[in-house]
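This briefing goes through a few local features of the structure shown below, grouped by topic for reading alongside the coordinates.

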Amino acid sequence: MNNHISREMKRFNYLISETDATYHEAALRMGLSDSAMQILYVICDYDKGDRCPLQEICKRSGISKQTINSAVRKLEAQGIVVLEQTGAKNKDVCLTEEGIRLAGCTTMNLIEIENNILKSWSKEELKIYLELTERFLIELKDKVKEI
């Protein structure tokens, strides 16, 4: 099998892998599992920042529903989140007071770091980065549908 991955694609894959590894390191440094960090991150990023539909967490995190459910149960047992029924089949994952405190000293710190990095870029750099990232994603999604 010949390796037909371009040098640019190899670099792109390397950067994604290193970014993922850096987020993993951040979670470890904050005493969180990757899935717990993802759950807290999605909740903090969603609407009011203290609750989020369970389905939305699965969608936004890219983590399997089974893994998310397991991690939510662990966070629930630790008093970090509670599940609240919002419909016949829907539940919200809600931060408790302890969860709000934990997110404030972990996930919100990471979000602040990310925001500060983006603020350090010029408006033009940020615009180009976001436009190209979105373009790559849209084109990739379209091509994956053809597989």
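Predicted model: local features only at pLDDT ≥ 70, side-chain atom pairs only at ≥ 80, totals over all residues.

A residue is called buried when its relative accessible area is under 20%, exposed when that area is over 50%, and partly exposed in between.

**Helix α2**
- Helix α2 covers residues 34-45, and its 12 residues reach 16 Å from the first C-alpha to the last, close to the 16 Å expected at 1.5 Å a residue.
- The buried residues of α2 are Ser35, Ala36, Met37, Ile39, Leu40, Val42, Ile43 and Cys44.
- After α2 comes aspartate 47, which has a positive phi, near 40°.

**Nonpolar surface patch**
- Phe12, Ile16, Phe136, Leu140, Val144 and Ile147 together make a nonpolar surface patch of about 570 Å².
- At least two residues of the nonpolar patch come from each of α1 (7-29) and α7 (123-145), and α7 gives the most, with three residues.
- Valine 144 lies in helix α7, and with a relative accessible area of 46% this valine 144 counts as partly exposed, because that class lies between the 20% and 50% cut-offs.

**Strands around β3**
- Strand β3 (residues 91-95) is largely enclosed by the rest of the structure, because four of its five residues are buried.
- Strand β1 (residues 51-53) pairs with β3 in the antiparallel sense over three bridges, and proline 53 has aspartate 92 of β3 as its bridge partner.
- Strand β2 (residues 81-85) also pairs with β3 in the antiparallel sense, over five bridges, with cysteine 94 of β3 as the bridge partner of valine 82.

Conventions. Residues numbered from 1 in each chain as written. Heavy atoms only, no water. Expected span 1.5 Å × (residues − 1). Buried < 20%, exposed > 50% of the residue type's maximum accessible area, 1.4 Å probe, protein only. Patch = residues over 30% accessible without salt bridge, like charges linked within 9 Å, V, L, I, M, F, W, Y side chains within 5 Å. Areas by Shrake-Rupley, 256 points an atom, 1.4 Å probe, with all protein chains shown as cover. Salt bridge = Lys/Arg side-chain N within 4 Å of Asp/Glu carboxyl O. Pairing = 2+ DSSP bridges.
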